[in-house]
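Please look at how the chains of this assembly are arranged and how two of them meet. The text below goes through both points in turn.

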Protein chains: 6
Amino acid sequence: MPYVNIKITREGGPDDTGPTAEQKAVLIKGTTDLLAQVLNKNPATTFVVIDEVALEDWGVGGLPVAEYRKVQSG
Amino acid sequence: MPYVNIKITREGGPDDTGPTAEQKAVLIKGTTDLLAQVLNKNPATTFVVIDEVALEDWGVGGLPVAEYRKVQSG
Amino acid sequence: MPYVNIKITREGGPDDTGPTAEQKAVLIKGTTDLLAQVLNKNPATTFVVIDEVALEDWGVGGLPVAEYRKVQSG
Amino acid sequence: MPYVNIKITREGGPDDTGPTAEQKAVLIKGTTDLLAQVLNKNPATTFVVIDEVALEDWGVGGLPVAEYRKVQSG
Amino acid sequence: MPYVNIKITREGGPDDTGPTAEQKAVLIKGTTDLLAQVLNKNPATTFVVIDEVALEDWGVGGLPVAEYRKVQSG
Amino acid sequence: MPYVNIKITREGGPDDTGPTAEQKAVLIKGTTDLLAQVLNKNPATTFVVIDEVALEDWGVGGLPVAEYRKVQSG
């Protein structure tokens with residue numbers, strides 16, 4: 001009876017506006033299969049919820065993601 | 001001092017784009033009343049946050065919800 | 001296909017160590033019924049997860065709950 | 001290795017549609033610094049995720065926020 | 001920069017008190033690899049947090065999990 | 001009306017079993033003050049919830065935290 005929440009930054013995909021529905025479907029299937037294999041969890045009662053988060057709403061290293069990457073690559 | 005988070009798929013409502021503000025208000029009132037009745041929680045410090053999730057972002061049975069329903073009804 | 005998370009402080013119940021299993025069952029039933037009534041959500045795919053949080057881990061008004069109540073009751 | 005999630009109502013900012021990217025950056029930096037100072041947490045592995053929630057999706061006192069404020073100020 | 005939260009009921013494992021540390025490590029690795037393969041996410045900034053939830057704190061079908069299973073198998 | 005959730009690994013503090021109640025109180029005050037200063041949020045309706053997570057339940061880099069640190073320092 002697992003519940004999985006995947007939070008990712010909204011980027012990537014064909015036009016860099018986030019993953020495609022197909023990519024999300026692969027995440028859903030992969031996570032559900034993993035829980036079935038490792039813990040014998042029933043896929044029928046496994047929920048996976050994906051949240052896309054705007055870059056300005058995600059911080060790491062004390063900076064919004066975009067700023068953080070500039071500093072890292074700088 | 002409860003905090004309640006309700007996640008639902010974005011569908012239903014008058015034009016199938018999600019619940020109306022009135023329906024959400026009923027969820028907020030119902031949940032808050034329930035916590036007051038069962039656990040004597042003070043409504044003034046009860047928060048309810050509702051998240052609507054796009055169908056492609058919600059998986060069950062290893063499939064996005066729309067696919068899952070097709071298989072179930074198939 | 002709702003997912004509901006209820007966070008409450010760990011207190012109350014017969015020995016003030018938190019709600020009983022019976023009280024939790026009432027919360028689970030009440031929340032699930034509410035979603036069925038208001039949004040026609042299927043109880044079979046409605047998850048409710050309850051988290052009890054220690055008083056020292058919950059803050060309001062800039063203070064841990066126990067301190068906050070002392071100040072309020074003055 | 002902290003993960004911080006900040007949920008706020010979508011309001012305020014220059015046109016009342018929510019905080020600016022600059023304000024969010026201050027929240028990210030402030031939270032990350034706080035965890036470094038108090039618990040010696042490494043900023044490089046501190047994530048901060050900000051969620052803005054529409055007023056109709058946030059309830060307090062058994063009412064959506066906008067209704068609640070009317071009653072309070074009434 | 002993904003954050004993944006996996007919530008499971010506390011059961012299973014060698015003495016039915018929950019998954020072993022080894023099983024959790026497999027979940028962590030599997031989820032992280034999946035995000036790297038599907039979305040090219042960097043494992044170094046992928047967090048996975050696992051929550052075990054007591055059976056009485058998880059509801060489905062309007063019942064705590066243990067009751068729900070009795071009804072289903074009944 | 002903010003809600004802040006801080007998740008940290010259960011370690012540090014005087015006997016390495018996690019932060020003290022005093023340290024948590026500083027986190028609660030600091031976060032609440034930050035939201036008041038940056039976004040003018042009312043402390044009376046600011047909730048802060050702290051979750052401590054066992055090391056075996058937190059993964060980064062595809063490994064449980066303790067393993068990850070061994071590899072990093074190795």
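Predicted model: local features only at pLDDT ≥ 70, side-chain atom pairs only at ≥ 80, totals over all residues.

Residues are numbered from 1 along each chain as its sequence is written, chains are lettered from A and ligands numbered from 1 in the order written, and side-chain values use heavy atoms, without hydrogens and water.

Chain D is superposed on chain B by a rotation of 120 degrees with 0.0 Å of shift along the axis, at RMSD 0.0 Å (least squares on the C-alpha atoms of residues with pLDDT of at least 70 in both copies). The two copies are therefore related as by a three-fold rotation axis. In chain D, the C-alpha nearest that axis belongs to D:Asp51, 6.0 Å away.

About 2,200 Å² is buried between chain E and chain A, 74% of it from carbon and sulfur atoms; buried area is the accessible area (1.4 Å probe) lost by two parts on being put together, summed over both.

Strand β1 (residues 3–9) of chain A pairs with β1(E) in the antiparallel sense over 5 bridges. Strands are DSSP runs of E, at least two residues long, numbered from the N terminus, and two of them pair if DSSP finds at least two bridges between them. Within this pairing, A:Ile6 stands opposite E:Val4 of β1(E).

Definitions and conventions
Helix = DSSP H or I, 4+ residues; strand = E, 2+ residues; numbered from the N terminus.
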